[in-house]
Amino acid sequence: MIPFTFEILHQSKKSRARVGRIHTPHGIIDTPNFVAVGTNGTLKALDNEMVKTIGLQLMFCNTYHLLLQPGTSVIREAGGIHKFINRNLPIITDSGGFQVFSLAYGGVADELKSKGTKKSEGSVLKITSDGVLFRSYRDGQKVLLTPETSVQAQKALGADIIIPFDELPPYHICPKALSRSLDRTHEWEKRSLEEHLKNPQGQAMYAVVHGGVDNKLREKSCKFLADLPFDGFAIGGSMGKTKEEMVTMLSATLPKLPETAPNHLLGIADLESLEACVPLGIDTFDSSYPTKAARHGTLLTHEGPLKITRGIFKNKFTSPVKGCSCYTCEHYTLAYLHHLFKAKEISGLTLASVHNLHFMVELMSQYKNKILNDII
């Protein structure tokens, strides 16, 4: 089994941006890299053979959802997540901790609309120092997630990179509550690491840095986690209400992490954020943005988003995006994609998703070349 290692191939002379290579038991991840989100073991509207053809090196799967359906025992019996979903390339799983935030506070969209201060009723039954008691959205059964059960679930899944259990408080939280949440998260992450180290089974574990937009708490989190034997570091928690606030926080936080370890930005990979954050030295970014945009009829281009449902494309018998070498743009026209979306055909979602993911792979390759040439 190939051990998890990270090597830096080039450090930009212009910024903190770097080109690296993460080695995992299921292959190499070239950095910087975009990580597609396959919540239930698949990217929506795509099968994993197509995902492999597109060239996505790392895929993000969600432990909480897989725990509820089909269940980690089923995936373990199948031989692990790679065999179950037919993907012989690297996979990262989260801890389920994001549900503490999204189910209790309504998700990131509500938070940014200043609606994230009150817990919702029903889904999250109890949050204690031990863990979080959920009610399954599938069958109503109670599910207890603790640092230990989260790691055990991720062991059953068998992803290459796993995440410790953490809490994600919203942006709109008082400083004292944020500090208490950070202390609890640190304790959960330490317990998660201890559970992981009982049986590493070739997996790497990334710590998750928290502290909201409070630089002192972020510094405290970096120091606490860097003293523990984690294999990498992910930036989590609230990133702020604006991109400017996020960049300010990241600019202060990233230099406080070990330079020899890979780092990951959780849940952020829109084009504007990538442009701002690649120079900060982030190695990998995950987001559902490209596939979600595709399902809403938006193709990503270097000239800005292209909304294929617009009437002006009804008789446009040219490649959807000029100069693009993806399967969609080489085989179909903009008029046909327009027709598929207007007719609500599922194949339209697939073809748009293929293009957007191809675009992201190519975009990250362009970033690598710019870093290698010290342009960024």
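# Questions on a predicted model

Student: Which residues does UniProt place under "binding site"?
Tutor: The entry is unreviewed; UniProt positions follow the numbering used here, feature names are shortened, and annotations may be inferred rather than shown by experiment. Although spread over 144 residues of sequence, the sites cluster in space, with a largest C-alpha distance of 13.4 Å. The model is predicted, so local features need pLDDT of at least 70 and side-chain atom pairs count only at pLDDT 80 or more, while totals for chains, interfaces and linings use all residues.

Student: Where is aspartate 94 found, and in which helix does phenylalanine 98 lie?
Tutor: Helices (H or I, at least four residues) and strands (E, at least two) are DSSP runs, numbered from the N terminus. Aspartate 94 is in the loop between β6 (91-93) and α5 (98-105). Phenylalanine 98 lies in helix α5.

Student: What is the strand order of the open sheet that has β1 in it?
Tutor: Two strands pair if DSSP finds at least two bridges between them. The edge strands β1 (5-11) and β3 (27-31) each pair on one side only. Six bridges join β1 to β2 (residues 18-24), and these two run antiparallel. The sheet has three strands, with antiparallel pairing, in the order β1-β2-β3.

Student: Which residue in β2 is the bridge partner of glutamine 11?
Tutor: Strands of a sheet pair through backbone hydrogen bonds, either parallel or antiparallel. In β2, the partner of glutamine 11 is arginine 18.

Student: Which helix packs on this sheet, and what angle does its direction make with that of β2?
Tutor: Axes are lines fitted to C-alpha atoms, for helices over the stretch in contact, and angles run from 0 to 180 degrees between N-to-C directions. Contact means heavy atoms within 4.5 Å. The helix, touching β1, β2 and β3, is α15 (residues 346-372), and the angle is about 125°.

Student: Which two prolines follow a cis peptide bond, and what are the omega values?
Tutor: Proline 32 lies in the loop between β3 and β4 (33-37), and proline 70 lies in the loop between α2 (63-68) and α3 (72-78). The cis bond between threonine 31 and proline 32 has omega of about 5°. For the cis bond between glutamine 69 and proline 70, omega is about 10°.

Student: What is the phi of asparagine 86?
Tutor: Asparagine 86 is in the loop between α4 (81-85) and β6. Its phi is positive, in a residue other than glycine, and near 60°.

Notes:
Residues numbered from 1 in each chain as written. Heavy atoms only, no water.
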